[in-house]
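Dear colleague,

I am handing over a structure that you have not worked with before, and I would be glad if you looked through it alongside the notes below.

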Amino acid sequence: MRVIERAAAKWVSVATRLHFESHDISRIREDYNQQTIKACQAVFIEWLEGKGRTPTTWNTVIKVLEEADLSELAGELKIVLSAS
């Protein structure tokens with residue numbers, strides 16, 4: 001499953017729901033102009049490093065995806081995680 005690639009089009013919504021500050025979102029937008037996959041990767045890397053919403057768990061990722069109108073992806077992720 002390619003979570004980042006599938007969430008990339010809504011990376012700003014994901015970052016917002018991960019409680020990133022607006023200046024962080026602006027910085028990522030500038031650093032990765034029109035490169036949504038790289039921008040989404042940066043969001044998740046920074047989140048894993050401690051920025052934004054806690055706890056840093058798959059459950060948080062699932063909640064964030066649902067809040068960002070990526071419910072189908074969130075549902076698929078739940079299935080994959082429950083199978084492992």
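In which helix is the place of Glu-46? Please keep in mind, as you look for the residue, that the model is a predicted one. Glu-46 lies in helix H4, which covers residues 36–48. With a relative accessibility of 15%, Glu-46 counts as buried, because the cut-off for that word is under 20%. Leaving aside residues up to four places away in sequence, Glu-46 is in touch with Phe-20, Arg-27, Ile-28 and Lys-51.

Turning to the chain as a whole, it has six helices and zero strands, so that the order of elements from the N terminus reads α-α-α-α-α-α. The radius of gyration is 12 Å, close to the 12 Å that the globule rule gives for 84 residues, and the chain is therefore as compact as a globular protein of that length. Taken along the principal axes, the box filled by the C-alpha atoms is roughly 40 × 25 × 20 Å.

As for contacts and burial, 56% of the contacts with a separation of 6 or more are between residues 24 or more positions apart, while 35% of the 84 residues count as buried.

With kind regards

Note on methods. Residues numbered from 1 in each chain as written. Predicted model: local features only at pLDDT ≥ 70, side-chain atom pairs only at ≥ 80, totals over all residues. Heavy atoms only, no water. Helix = DSSP H or I, 4+ residues; strand = E, 2+ residues; numbered from the N terminus. Rg over C-alpha atoms; globule rule 2.2 N^0.38 Å. Buried < 20%, exposed > 50% of the residue type's maximum accessible area, 1.4 Å probe, protein only. Contact = heavy atoms within 4.5 Å.
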